[in-house]
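Trainee: I would like to learn how to read a protein structure feature by feature. Could we take the helix packing and the backbone slowly, with a general idea before each case?

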Amino acid sequence: SSNTNEEEISALSGVESNDMNQASSKTLDDGVLDLGISADFPPYEYHEDEKIVGIDPEIAEAIGEKLGYEIALHDMDFSAIIASIESGKLDGGISGFTVTEERAQQVNFTDTYANSVQEVLVKKGSVIKQIEDLEGKKIGTQLGSTGDLLAGDDFGSENVQSFAKFPDAVLSLQNGKIDAIIIDQQAAEKFADANDDLEILETKYADEEYAMAITKDNEELFKEVNDVIKDLKESGEIQDIIDKYIKTE
């Protein structure tokens, strides 16, 4: 973690590092893995009472357990996470990140741990029936998300309205301020289930794979986390977590 006072760190490591044989004392001085998350993206991350729950927090906890790190989740706007990792405020992020070339210049991405599809959420009875119908319409996305980048390219950024949080986009759709939302499949299903006036287009918009972002300043940490993700995938532990939240037909 990068949040601890530098002097404290050197004082701590000076005293304890001789007694500690664990790799964690080298890789993260305070033993805390600080991760950015945007908890408005069910079932991957969302709030239940005061707690952040979902697929990504559980995967993060499993990684922390294997490496002997405490996990600290920092809830923030999705668009701020990569910048916060790059500036050293965070060690990484886990928040439904799709690997893109641009992001990969700023952070290291682990192996992918989940697959998803971008879908289009509309109001029931909308004139939008297929992807082509989005031409010239007002499209809502989450700022900095893959859907945001793709929609800008495909339909012109002047037709795309980016929201910090998905629930705000859903409200705008219901109020008729936008015509559609491009959003990950599982989140689309959650919002459609919770709102009788919304439905998902049958045509999919794009396929994506999710990975965890880790600071480029700590190669050792990246290697550790990536190895653990590989192990958790092979053991089926990640799939078990996903299956808890996503009911497959």
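This is a predicted model: local features need pLDDT of at least 70, side-chain atom pairs count only at pLDDT 80 or more; totals for chains, interfaces and linings use all residues.

Trainee: What describes two packed helices?

Mentor: The angle between the axes and the distance between the axes describe two packed helices. Here, the axes of α3, residues 55-67, and of helix α9, residues 219-234, come within 10 Å and cross at roughly 110°. That angle makes α3 roughly perpendicular to α9. On the side of α3 the contact is made by A62, I63, K66 and L67, while α9 contributes E224, V225, V228, I229 and L232. Sorted by class, the residues of this contact are seven nonpolar, no polar and two charged.

Trainee: At what angle do the axes of α3 and α10 cross?

Mentor: The axes of α3 and helix α10, residues 237-245, cross at roughly 150° and come within 9 Å of each other. Angles over 145 degrees count as roughly antiparallel, and α3 and α10 are therefore roughly antiparallel to each other. The crossing in which α3 passes α10 is right-handed.

Trainee: Is E237 buried, exposed or partly exposed?

Mentor: E237, which lies in helix α10, has a relative accessible area of 32% and is partly exposed. Leaving aside residues up to four places away in sequence, E237 touches A62, K66 and L232. The C-alpha atoms of E237 and I59 are separated by 8.7 Å, although these residues are 178 apart along the chain.

Trainee: Which residues of helix α6 are buried?

Mentor: A residue counts as buried when its relative accessible area is under 20%. In helix α6, residues 146-155, the buried residues are T146, G147, D148, A151, G152 and F155. After α6 comes G156, whose phi is positive, near 90°.

Trainee: What is the general idea for phi and for peptide bonds?

Mentor: Most residues other than glycine have a negative phi, and most peptide bonds are trans. With that in mind, consider D49, a residue other than glycine whose phi is positive, near 55°. D49 sits in the loop between β3 and β4, and with a relative accessibility of 73% it counts as exposed.

Trainee: Which residues does a cis peptide bond join?

Mentor: The cis peptide bond joins P42 and P43, with omega about 0°. P43 is found in the loop between β2, residues 40-41, and β3, residues 45-48.

Trainee: Finally, how many helices and strands are in the protein?

Mentor: The protein has 10 helices and 12 strands, and 53% of its 249 residues count as buried. If you take the contacts between residues at least 6 apart in sequence, 73% of them join residues at least 24 apart. The accessible surface comes to about 12,100 Å², and 45% of that surface belongs to carbon and sulfur atoms.

How values were computed: Residues are numbered from 1 along each chain as its sequence is written. Side-chain values use heavy atoms; hydrogens and water are left out. Helices (H or I, at least four residues) and strands (E, at least two) are DSSP runs, numbered from the N terminus. Buried means under 20% relative accessible area, exposed over 50%, partly exposed in between (1.4 Å probe, protein chains only). Contact means heavy atoms within 4.5 Å. Accessible areas come from the Shrake-Rupley method with a 1.4 Å probe; for residues, only the protein chains shown count as cover. Axes are lines fitted to C-alpha atoms, for helices over the stretch in contact, and angles run from 0 to 180 degrees between N-to-C directions. Angles under 35 degrees count as roughly parallel, over 145 as roughly antiparallel, 65 to 115 as roughly perpendicular and the rest as oblique. A crossing is left-handed if the near helix is turned anticlockwise from the far one by less than a right angle, and right-handed if clockwise. Ala, Val, Leu, Ile, Met, Phe, Trp, Tyr, Cys and Pro count as nonpolar, Asp, Glu, Lys and Arg as charged, and the others, Gly among them, as polar.
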